[in-house]
Amino acid sequence: MGAETGPVPSKRERTRCAILDAAITVIAEKGLESSSIDDLMATAGMARGTFYNYFHCREEVLHAVVGMLREIITREVISRLPRGLAPEEIIACTTYGYLRFCLDHPRIGTVLAKIGGFSLWEQNEDDTHPGAECIRTAIVKLSEEPTSPTSVRIYLEGLANTLLWRTLAGRLDLNRAEEIIALELRGLGVGNSRISAALDTARRFAATIRTDTAGNT
């Protein structure tokens, strides 16, 4: 993609982003529990005292990292979902696109796998971009009594994060991941012919993400 134009970030904004970027690197390498403020600031190339100009504690940084990663995944995957797809295609595209993006950006993917608790499916009601609305609608349409939309979200979240962890660890390739996405859709009552079409759509969608986001994060 071409360079985006917009307001130039202030020095304070750039420094804060650099600290968060360093936090992503440290968490990816050492894990959450083994990451210290000293590690973070050494990676950022800044004095420890600078940290406290932006954050009060390590937990506050983690919260900010989660928010930053959510913004990245929303921008690079969810907001790119095409309009007019069937519900099962939305689910397949979201899952496959998430995996593809995280495999192409393993530092981000590793942190997402390690911190857990991140959900592609829990879109805030104030998220008004088309991708968020597509996901909300797809989940409702694939929820059948006695299964609630909340249960469907938990089911999808658990599977997406398990697939992410196993693919990053090299224990699962994308062909096998496709088989599991097919099982996921079958568990939601989607027929085999619709599953095959959904996977074809998801494959094409993931390919566009790989092309468009190369080198952007």
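Predicted model: local features only at pLDDT ≥ 70, side-chain atom pairs only at ≥ 80, totals over all residues.
Colleague: How should I read the length of a helix, and what span should helix 4 have?

Modeller: One compares an expected span with the distance between the two ends. Helix 4 covers residues 58–76, and at 1.5 Å a residue its 19 residues should span 27 Å, which agrees with its end C-alpha atoms being 27 Å apart.

Colleague: Which residues of helix 4 are buried, and what covers them?

Modeller: The general idea is that an α-helix has 3.6 residues a turn, so residues three or four places apart point the same way. In helix 4 the buried residues are Val61, Ala64, Val65, Leu69, Ile72, Ile73, Thr74 and Glu76. Their cover includes helix 1 (11–30), helix 2 (37–44), helix 3 (48–51), helix 5, helix 6 (106–115) and helix 10 (192–212).

Colleague: Is threonine 74 buried or exposed?

Modeller: Threonine 74, whose place is in helix 4, counts as buried because its relative accessibility is 16%, and the cut-off for buried is under 20%. Threonine 74 and alanine 132 are 58 residues apart in sequence, while their C-alpha atoms are 8.5 Å apart in space.

Colleague: How do I read the packing of two helices, and at what angle do helix 5 and helix 8 pack?

Modeller: One takes the angle, the distance between the axes, and then the residues that meet. Helix 5 (residues 87–104) and helix 8 (residues 149–168) pack at an angle of about 30°, with their axes 10 Å apart. That angle makes helix 5 roughly parallel to helix 8, since angles under 35 degrees count as roughly parallel. The crossing of helix 5 past helix 8 is right-handed.

Colleague: Which residues of helix 5 and helix 8 meet?

Modeller: From helix 5 come Ile91, Thr95, Tyr98, Leu99, Cys102 and Leu103, and these meet Leu156, Ala160, Asn161, Leu163, Leu164, Thr167 and Leu168 of helix 8. By class, the residues of this contact are ten nonpolar, three polar and no charged.

Colleague: How many charged residues are there in the contact of helix 5 with helix 10?

Modeller: Let me give the geometry before the count. The axes of helix 5 and helix 10 come within 8 Å and cross at roughly 35°, in a right-handed crossing. Glu88, Glu89, Ala92, Cys93, Tyr96, Gly97, Arg100, Phe101 and Asp104 in helix 5 meet a set of residues in helix 10 that includes Arg194, Thr201, Arg203, Phe205 and Arg210. This contact of helix 5 with helix 10 has seven charged residues, together with ten nonpolar and two polar.

Colleague: Returning to helix 6, which of its residues are buried, and at what angle does it pack with helix 8?

Modeller: In helix 6 the buried residues are Ile108, Gly109, Val111, Leu112, Ala113 and Ile115, and they pack against helix 1, helix 4, helix 5 and helix 8. Helix 6 and helix 8 pack at an angle of about 130°, with their axes 9 Å apart, which makes helix 6 oblique to helix 8. The crossing is left-handed, and the contact is made by Pro106, Gly109, Thr110, Leu112, Ala113 and Lys114 of helix 6 with Leu164, Trp165 and Leu168 of helix 8. These residues divide into six nonpolar, two polar and one charged.

Colleague: Where is leucine 120, and which residues does it touch?

Modeller: Leucine 120 is in the loop between helix 6 and helix 7 (130–142), and it is buried, with a relative accessible area of 2%. Not counting residues up to four places away in sequence, leucine 120 touches Ile73, Ile78, Thr94, Tyr98, Ile135 and Ala160. The C-alpha atoms of leucine 120 and glutamate 157 are separated by 6.8 Å, although the two residues are 37 residues apart along the chain.

Definitions and conventions:
Residues numbered from 1 in each chain as written. Heavy atoms only, no water. Axes fitted to C-alpha atoms, helices over the stretch in contact; angles between N-to-C directions. Helix = DSSP H or I, 4+ residues; strand = E, 2+ residues; numbered from the N terminus. Parallel < 35°, antiparallel > 145°, perpendicular 65-115°, else oblique. Left-handed = near helix turned anticlockwise from the far one by under 90°. Contact = heavy atoms within 4.5 Å. Nonpolar A, V, L, I, M, F, W, Y, C, P; charged D, E, K, R; others polar. Expected span 1.5 Å × (residues − 1). Buried < 20%, exposed > 50% of the residue type's maximum accessible area, 1.4 Å probe, protein only.
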